[in-house]
Amino acid sequence: MTNDIYGPFPGGPRAFGQTLLDALTDGQRARYEELGANLDVVERRIEAACRAAGRSRDEVTLIVVTKTYPAEDSALLAGLGVTDVAENRDQDAAPKAELCANLPLEWHFVGQLQTNKVRSVVRYANRVHSVDRLRLVGSLSAAVLKSERPELGCLVQVALDKEAGEVGAVPGSPGSGEGRAGVAPADVAALADAIAAAPGLRLDGVMTVAPLAGPLAGDPARAFERLAEISTAVRASHPAATMVSAGMSGDLEQAVAAGATHVRVGTAVLGVRSPLG
């Protein structure tokens, strides 16, 4: 990850607004204006989706997915008023979060999380969206307690392509696999209970990505409606777990219509990503 593609890092301890603008190089200013224009478009989309769904705009939080982009972009986004950013690889996120430690940003980890990365992730993440097995719950809990940090917000990642028993492994059981992304809907309640009972963890809600396989493939509206049903069931036992993380650049409108509280948008704000180095 490069940290100087625009010039001096713009995330130093300073007030935002005009002070930040005065400190930017020409390249940083051009990127700042590009990101601002993209954010305006995304904001209008969210506002329109909220109106169409009869929801208030303040019911939906925009999380900008900054994966593969340099820390400078995170700093510029903070200067534009973005409060929440997401990463999916610890090796990229950890140094980026350290560079941006003084900025008013909430860090969301949204990628598949290996247990050997947990100690690093709990140093900077405010929330982990991708909790999908019992072993990971135990590792996160132990790391949070050892670090003596505040509670870590956790979401159950739901794999809607595992609907109707397509995959029958119990999360955390032999053969469930360290790299599996998401838990079957039938297993969400048990995993939610485990998170809620784990010291140092806070059950915040559920997360999904529109599936590419299974009965809901190609139909994000139905997929997100199904996630809303799962969220309702989780809240029956855990009323504070109100967060519904769903929707990305191409389907945020369907997610808002189905009741998403957080949408994760990357490409529509930052542009098409280059391959990871």
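Glu43 is partly exposed, because its relative accessible area is 25%; here buried means under 20% relative accessible area, exposed over 50%, and partly exposed in between, computed with a 1.4 Å probe on protein chains only. Please keep in mind that this is a predicted model, in which local features need pLDDT of at least 70, side-chain atom pairs count only at pLDDT 80 or more, and totals for chains, interfaces and linings use all residues. Residues are numbered from 1 along each chain as its sequence is written, and side-chain values use heavy atoms, with hydrogens and water left out.

Glu43 has a partner in Arg57: the two form a salt bridge, with the closest N and O atoms 2.8 Å apart. This pair links distant parts of the chain, since Glu43 lies in helix 2 and Arg57 in the loop between helix 2 and strand 1 (61–65), 14 residues apart. Helices (H or I, at least four residues) and strands (E, at least two) are DSSP runs, numbered from the N terminus.

Now to the helix itself. Helix 2 covers residues 26–53, and its 28 residues should span 40 Å at 1.5 Å a residue; the end C-alpha atoms are 41 Å apart, which agrees. The expected span is 1.5 Å times one less than the number of residues. Among the buried residues of helix 2 are Tyr32, Leu35, Leu39, Val42 and Ile46, and also the charged Arg31. Just after the helix, Gly54 takes a positive phi of about 70°.

Helix 2 also holds a pair of its own: Glu34 and Arg31 lie three residues apart, about one turn of the helix. An α-helix has 3.6 residues a turn, so residues three or four places apart point the same way. Arg31 counts as buried because its relative accessible area is 7%, whereas Glu34, at 39%, is partly exposed.

The structure holds twelve salt bridges, each being a side-chain nitrogen of Lys or Arg within 4 Å of a carboxyl oxygen of Asp or Glu. Here are three of them:

| Salt bridge | Closest N and O atoms |
|---|---|
| Glu34 with Arg31 | 3.0 Å |
| Glu43 with Arg57 | 2.8 Å |
| Asp204 with Arg202 | 2.7 Å |

Elsewhere, salt bridges that share partners join Arg31, Glu34 and Asp73 into one network. Arg57, the loop partner of Glu43, is partly exposed at 23% relative accessibility.
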